[in-house]
Amino acid sequence: MDLSYSPKELAFQAEVRAFLAASLPADIAARVASGAGATKADMEAWHAILNDKGWLGGTWPAAHGGCDWGPIELHIFEEESALANAPRIVPFGLKMLGPVLMKFGTAEQQADYLPRILDGRDWWCQGYSEPGAGSDLASLKTRADRDGDDYIINGQKTWTTYGQYANRIFCLVRTKFDGKPQAGISFVLIDLETPGIEMRPIRLIEGGFEVNEVFFTDVRVPVANRVGEENAGWTIAKYLLGHERTNIAGTGFSVQALEKVKGLARGVMRGGKPLIQNALFAARLAEVEAELEAVKITNLRMLSKAAAGGQLGAEPSMLKIKGTVIRQALNDLSRRALGPAAAPFPSEDLDNLAITPPGHAHNAAGYFNNRKISIYGGSNEIQRNILAKGLMQ
Ligand SMILES: Cc1cc2nc3c(=O)[nH]c(=O)nc-3n(C[C@H](O)[C@H](O)[C@H](O)COP(=O)(O)OP(=O)(O)OC[C@H]3O[C@@H](n4cnc5c(N)ncnc54)[C@H](O)[C@@H]3O)c2cc1C
């Protein structure tokens, strides 16, 4: 299997690099590089720049405003974007709902919603998880009872990422209450302005707010907002989750984090010499770097298989586990390199900047925030179950 890029792919990589150098605003890249994270305005600005370039719906078919990229082009684009400190494009509309509407939506739904995803009029969020229905998603209880041409929705969703920025939510709801739980779920699109919806922020361990609880009390939603057949939502849910797990290894983020921790360890002194020369630290760093190289190669092997039309089985689960473990290990190494200077939280930025080396004020917050990556999109324990099943059956 040839893992090197073809001349065409290398030319595309050069084009992406040149575009990022010319078009990514320096202040936005600086905020992302510092670990402070992109603001809502940053994410919207970058979304608009990519839309103007015509690269927002990269893997979408040209007929829907995309550019028909294959998995390798997408990988190149995402890796280069991460290395250039571009904000991550919010995936809910583009990577999750868009493909669902193209496969399961009516022509009206496609014509109505797809352009609004591209031009940023709609910010979608994902209403799958509930208290008591995360890994065991099929046990969800939010109910939609039919009343003429409407559903009346009651229940609660949780962990809704960026719900505070969104104007729409796609939800899994229960429309049948007997029989197999998976066979009674429907997929509906809800305008968050509809009366009866309340969004409450959940404060995360690092002090930030990016997830929410959403409560539905007698929320009236037209039946026309259902995607696919009634009670056929489980198939759609699984299709969407397949898209949620693309680029899950996040090697671009890890390459960037590795360089950052190396730079830090060169500057921090321990026992009279740079930390990077400490045998134990250097060995830990080398171990993570070797793992990262292995994941990069595995990722390319899988992309090459997918690009050649091969079916991926449990491989994305493998990438999710290794990719997230490596990113967390890098967070751990940079926290260790900073020692006590890694303790402060973003609310204490001013003090923080005075005691941490430049560019590392958000280190502890990033460490705690990234505990999430081994949980969301299907926890690593669940991915291990999927792998075990794939190997043993
Ligand atoms: C920061 C963050 C953002 C999120 N964003 C969204 C979002 O936008 N929209 C959305 O719908 N959801 C979102 N989620 C929810 C996420 O998908 C769930 O948290 C995840 O699927 C795990 O479900 P749970 O939290 O209910 O944990 P549980 O399922 O209760 O699991 C608790 C623990 O038990 C383990 N476990 C559970 N079942 C098994 C099993 N069968 N075998 C082995 N171990 C098991 C789990 O791995 C975990 O360690 C987000 C979560 C987080 C943390």
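1. Asn85 counts as buried, at 15% relative accessibility. Buried here means under 20% relative accessible area, exposed over 50%, and partly exposed in between, with a 1.4 Å probe and protein chains only. Asn85 sits in the loop between α4 (71-83) and α5 (91-104). Helices are DSSP runs of H or I with at least four residues, strands are runs of E with at least two, and both are numbered from the N terminus. Asn85 is not a glycine, yet has a positive phi of about 65 degrees. Most residues other than glycine have a negative phi.

2. A word on the basis. This is a predicted model, in which local features need pLDDT of at least 70 and side-chain atom pairs count only at pLDDT 80 or more, while totals for chains, interfaces and linings use all residues. Residues are numbered from 1 along each chain as its sequence is written, and side-chain values use heavy atoms, with hydrogens and water left out.

3. Asn231 also deserves a look. Its phi is positive, about 70 degrees, although Asn231 is not a glycine. Asn231 lies in the loop between β8 (226-227) and α7 (233-244). With a relative accessible area of 22%, Asn231 is partly exposed.

4. For Thr161 the distance from a side-chain N or O atom to a ligand nitrogen is 2.7 Å. A polar side-chain atom of Asn385 lies 3.0 Å from a ligand nitrogen. The protein covers 65% of the 960 Å² of accessible area that the ligand has on its own (Shrake-Rupley method, 1.4 Å probe). A polar contact is a pair of N or O atoms within 3.5 Å; within protein, one must be able to donate a hydrogen and the other to accept it, and residues adjacent in sequence count only if both atoms are side-chain atoms.

5. Ser374 is in the loop between α12 (363-369) and α13. Ser374 is buried, at 16% relative accessible area. A polar atom of its side chain lies 3.3 Å from the backbone oxygen of Arg371. Not counting residues up to four places away in sequence, Ser374 touches Lys320, Thr324, Gln328, Ser379 and Asn380 (heavy atoms within 4.5 Å).

6. Ile248 falls in the loop between α7 and α8 (251-267). Ile248 counts as buried, at 16% relative accessibility. Leaving aside neighbours within four places in sequence, Ile248 is in contact with Pro316, Leu319 and Lys320.

7. Finally, the strands. β3 (residues 150-157) and β7 (residues 209-222) pair antiparallel over 7 bridges; pairing requires at least two DSSP bridges. Ile152 has Arg220 in β7 as its bridge partner. β6 (residues 197-203) is joined to β7 by 7 bridges, also antiparallel. Here Ile202 stands opposite Val211 in β7. β6 and β7 form a hairpin with 5 residues between them. In the turn, Gly207 has a positive phi of about 100 degrees.
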